[in-house]
Amino acid sequence: AASDVYKRQVDLSGRHRVGLGGLEPDAGEAVDGGAEAVAGPDGDAAQDVALSAVLGLGPGACEAPRTDEMPVALLGIGTGLAILEIGARIYVGRLVAIETPDMPDLDRAQVHGLSWWAMKPNLEHYEVKSHSVAIDKTPLSDADSFMVSTNALGLRNPPLEPEGSRVRILAIGDSTTFGLGVDNHATWPAQLERLLNEEGGEPRYEVLNAGVTGYTAWLGLRFLRERWLELDPALVIASFGVNDWRIWGAMSDPEREATWAGIEPGTRGLRVLKMARLVVNDIIKRDEAGPVPRLSEAEYQDALLEIQSLCVERGVPVFFVLWPEAGQIALCDPTPVHYQGVLRALEASGEVRVIDLFDAFVAAHEPIYFDSVHVNETGTLLAAEAISKAVKQVFAGLGEDRGTTRACRTSPDA
């Protein structure tokens, strides 16, 4: 989870707003002596005035050039638009591609769209050494850096085993599934695969790690629908909730996807024009509505249920992981925080099956958290052990055994 992303975007927006200084006139006020702003109910006129100024359109910009000036004018316009288009691609990428300022190494290991991002394929022992933790904001030392490798699909796995040779389990989620801070072999999906196969014999299991830092249930649902279900998993394990309640700007994830769809690569039209309107809209909305969570509680719940529905349609069982925060473990307090209550309510109603890691984490005999949510290799092993029990039971047709004991220590380590 990138806890400083919103601050980063506020800083960026602040700079943009300074750059747009004076471009939001009062009703009837002219900009650069041209195009008057006629305030409408939705502010479109004010936006158009701002767009004109952003694009450098001054008085007489719409007048037809003289015939002898036409070739030069067309060349100038074409060159100008090309420069603006190139600038838009760079500018939009910096504005809307989700950045993790504390992890520039990890950013460079990702491919970014405008409303999505994913791990680059075919990374080999890529070192992430610029990560910083949330507790004290001090960078990890080089000794604490971690290595990332991906296969041809961008999964944090070796190449896929031949189809039909393994029982395939798909793990989708955020940075807790991805394994922020630990090497490939120490992520909980990798440790789950090892635990399931350590007894030998058949069947053999393959656990695919499709976790991506910063993901919400909305983005997980999108990639599950568009890509990962094609891998034909026998079981899906989903872990979301760390990022869903966080604020990354003036738009939620669904709004961001709908808004930026028109300027994603491959869409028609000049992206610079669409980008400029997006910037103005974002500034106006930020002023009017203020920042919003990436998903509301209702949107989070709907995304979880849609993940469940997609899997059920294919006859694929699904578990949802409830990932506790460091503070809950330190206090031995399972009271839900943020959107955890949504997941527990869905479990209580019988709509979804949940693997709650609280008991596993609170029983740890050593510190496992290195920030508010991410755990070290000991913690990922505890997660894998708890998840493996549920997985073995579901494949054995025994259902899920939800333990109720809590092994709270008198001086728990966070």
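**Loops, sheet and cores**

Let's start with Cys332, which lies in the loop between helix H11 (326–330) and H12; helices (H or I, at least four residues) and strands (E, at least two) are DSSP runs, numbered from the N terminus. Before I go on, this is a predicted model: local features need pLDDT of at least 70, side-chain atom pairs count only at pLDDT 80 or more, and totals for chains, interfaces and linings use all residues. Residues are numbered from 1 along each chain as its sequence is written, and side-chain values use heavy atoms, with hydrogens and water left out.

Cys332 counts as buried because its relative accessibility is 19%; buried is under 20% relative accessible area, exposed over 50%, partly exposed in between, with a 1.4 Å probe and protein chains only.

His125 isn't a glycine either, and its phi is positive, about 50°. You'll find His125 in the loop between S4 and strand S5 (126–128). Buried or exposed, then, for His125? Exposed, at 60% relative accessibility.

Pro203 sits in the loop between helix H6 (188–197) and S8.

That takes us to the sheet. It's open, with five strands in the order S8-S7-S9-S10-S11 and parallel pairing, where two strands pair if DSSP finds at least two bridges between them. Strand S8 (205–209) and strand S11 (353–356) each have a single partner strand, so one side of each has no neighbour in the sheet. From one strand to the next, the twist averages 25°.

H10 packs on this sheet, touching S7, S9 and S10; contact means heavy atoms within 4.5 Å. The direction of H10 makes about 155° with that of S10, on a scale from 0 to 180 degrees between N-to-C directions, with axes fitted to C-alpha atoms, for helices over the stretch in contact.

Now, S8 stands at an edge, but five of its five residues are buried. Tyr205, Val207 and Asn209 are on one side, Glu206 and Leu208 on the other. S8 runs parallel to S7, joined by five bridges, and Asn209 in S8 stands opposite Ala171. S7 also pairs with S9 over five bridges, again in the parallel sense.

On to the nonpolar cores, meaning sets of buried Ala, Val, Leu, Ile, Met, Phe, Trp, Tyr and Cys residues joined through side-chain atoms within 4.5 Å. The largest has 38 residues, and Ile172, Leu224, Trp228, Tyr300 and Phe320 touch the most other members. Elements supplying at least two residues each include strand S7 (167–173), helix H7 (217–226) and helix H10 (297–313). H10 gives the largest share, six residues. Leaving out residues up to four places away in sequence, Trp228 touches Leu153, Leu155, Leu170, Ile172, Ala210, Phe223 and Pro233. A second, separate core has 34 residues, among them Ile329, Ile355, Leu357 and Val394.

Last stop: H7 packs against helix H8 (residues 253–260) at about 55°, axes 9 Å apart. The contact uses Trp218, Leu219 and Arg222 from H7, and Asp253, Pro254 and Glu257 from H8.
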